Amino acid sequence: MHIPDGYLSPQTYIPLYGVSFGFWAIAQKKLKKQLSLKHVPYLAMAAAFSFLIMMFNIPIPGGTTGHAVGAGIIAILLGPWTAVLAVSVVLIIQALLFGDGGITAIGANCFNMAVVMPFVSYWIFKLVKGKSVSGVRLAVAAFLAGYLSLVVAALFAAVEFGIQPLIATGANGRPLYAPYPLSIAVPAMVLGHLFPFGIVEGLVTMLLLKYFLKHEPDLVYAVLDPSKNR
Amino acid sequence: MTRFQKKLWIGLLIMALLTPLGILLPEKFNAGQAWGEWGIDKLEKLLGYVPEGLKELADFWKAPIPDYNFGGEGASMALQAISYIASGLLGIGVCAFAVFIISRFMAKHGK
């Protein structure tokens, strides 16, 4: 889901830089108010975790590969605004040091994986969980949060890819940037993330939440009353 | 660092050591690149041409360690696997440090 340089037209990547900047500015404001020192080491670990999990490319035999992002569980454990910060830093470092994702596409990639994904995860988790604080319902909520948030993030990336032929074609009628239309990009991106990549994200989210609730329940942002927590 | 945090870091280090699975499994199952992340050569094969705007922007940035691989394109699987672990360790170091510094400045004392 790391869009490389060249696949997005300036008409797409510049506005998405703007959107991501907006979210970074709000995240910075929110975290200055809410973030407590005891969470700092966990933020660092969350970033490390997200970096690593994205290295585990999952193959579709004979087809493409994809990976989980970790933004789903980070949003549940540390809050969506914290996830915006941690995952954005990871994506920027991946682009700068490892060429994974383009420099021009940093705004787009951060929007998809570090903004859309954490918020979708957080909202789905809250919605499905209802008032329960443990048990099967919480596990289902966590799985769905991870699973669907990755799928939605992939859908956003797919739309960004797919609108390029509509935005920019050369004199010969050929697309100037990402060449495939929505009718190809959306199924290609979304199906792979529905199965198998999203399943992995869902399981990771569910299992890690279970682990944290068992060992450090006071940390879990989305299960506590946020007004008391921060 | 609390005992719990130490445990989590050990988990992350184990994860870093396992990262070569992320290149070995795709190789074993004959799976190619992620959709939409093809290089110029691959794109030319897929389409029969390279979109002009894409070609101009594609080399916008020369990353120091492209594809988490120190060995370049022809590197053996063993070298790629070692590069991958080294990149994983470097990556978590840089990411954790950067996020630590940024959030350390934002966090409130007390609590």
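Predicted model: local features only at pLDDT ≥ 70, side-chain atom pairs only at ≥ 80, totals over all residues.
Author: A residue counts as buried if 20 or more other C-beta atoms lie within 10 Å of its own.

Reader: Take Pro4(A). Is Pro4(A) buried or exposed?

Author: Pro4(A) has 26 other C-beta atoms within 10 Å, and is therefore buried. Pro4(A) sits in the segment before α1 of chain A. Leaving out residues up to four places away in sequence, Pro4(A) touches Gly101(A), Gly102(A) and Ala105(A), and also Glu37(B). The C-alpha atoms of Pro4(A) and Gly99(A) are 8.1 Å apart, although 95 residues separate the two in sequence.

Reader: How many C-beta neighbours does Ser149(A) have inside 10 Å?

Author: Ser149(A) has 31 C-beta neighbours inside that distance, so Ser149(A) counts as buried. Ser149(A) belongs to helix α6 (residues 136-162) of chain A. Apart from neighbours within four places in sequence, its contacts are Ala71(A), Gly72(A), Met117(A), Val120(A), Ser121(A) and Ile124(A). Ser50(A), 99 residues away along the chain, has its C-alpha atom 14 Å from that of Ser149(A).

Reader: How should I read burial along a helix?

Author: An α-helix has 3.6 residues a turn, so residues three or four places apart point the same way. In helix α2 (residues 21-28) of chain B, the buried residues are Gly22(B), Ile23(B) and Pro26(B). Because these residues cover an arc of only 95° around the axis, they lie on the same side of α2(B).

Reader: What covers the buried residues of α2(B)?

Author: The cover includes elements of both chains: β1 (58-59) and β2 (65-66) of chain A, and α5 (77-106) of chain B.

Reader: Next, the backbone. Which residue with a positive phi follows α2(B)?

Author: That residue is Asn30(B), with phi near 55°. Two further cases are found in the loop between α4 (52-58) and α5 of chain B. Asp67(B) lies in that loop and has phi near 60°, a positive value in a residue other than glycine. Tyr68(B) is in the loop between α4 and α5 as well, and its phi is about 60°, again positive although Tyr68(B) is not a glycine.

Reader: Why do Asp67(B) and Tyr68(B) count as buried?

Author: Asp67(B) counts as buried because it has 20 C-beta neighbours inside 10 Å. The cut-off is 20 or more. Tyr68(B) is buried because 24 other C-beta atoms lie within 10 Å.

Reader: Which peptide bond is cis?

Author: The bond from Phe195(A) to Pro196(A) is cis, with omega near 10°. Pro196(A) is placed in helix α8 of chain A.

Reader: How do I read the packing of two helices?

Author: Look at the axes, then at the residues between them. Helix α1 (residues 3-18) of chain B and α5(B) have axes that come within 7 Å and cross at roughly 145°. From α1(B), the contact uses Leu12(B), Ala16(B) and Leu17(B), while α5(B) contributes Ile85(B), Gly88(B), Leu89(B) and Ile92(B). Sorted by class, six of the residues in this contact are nonpolar, one is polar and none is charged.

Reader: What is the overall form of chain B?

Author: Begin with the secondary structure. Chain B has five helices and zero strands, in the order α-α-α-α-α along the sequence. For the dimensions, compare the radius of gyration with that of a compact globule. Chain B has 19 Å, whereas a compact globule of 111 residues would be near 13 Å. Along the principal axes, its C-alpha atoms fill a box of roughly 60 × 35 × 20 Å. Buried residues account for 28% of the 111 residues in chain B. Of the contacts in chain B between residues at least 6 apart in sequence, 49% join residues at least 24 apart.

Reader: Last, the interface. How many residues of chain A are in contact with chain B?

Author: On chain A there are 63, in contact with 59 residues of chain B. On the side of chain A that touches chain B, the elements giving two or more residues are α1 (10-34), α2 (40-53), β2, α4 (80-98) and α8 (182-215) of chain A. The largest share of that side is the ten residues from α2(A). By class, the side of chain A that touches chain B has 40 nonpolar, 18 polar and five charged residues.

Terms used. Residues numbered from 1 in each chain as written. Chains lettered and ligands numbered in written order. Buried ≥ 20, exposed ≤ 12 C-beta atoms within 10 Å, placed from the backbone. Helix = DSSP H or I, 4+ residues; strand = E, 2+ residues; numbered from the N terminus. Arc of directions from axis to C-beta. Contact = placed C-beta atoms within 7 Å. Nonpolar A, V, L, I, M, F, W, Y, C, P; charged D, E, K, R; others polar. Axes fitted to C-alpha atoms, helices over the stretch in contact; angles between N-to-C directions. Rg over C-alpha atoms; globule rule 2.2 N^0.38 Å.
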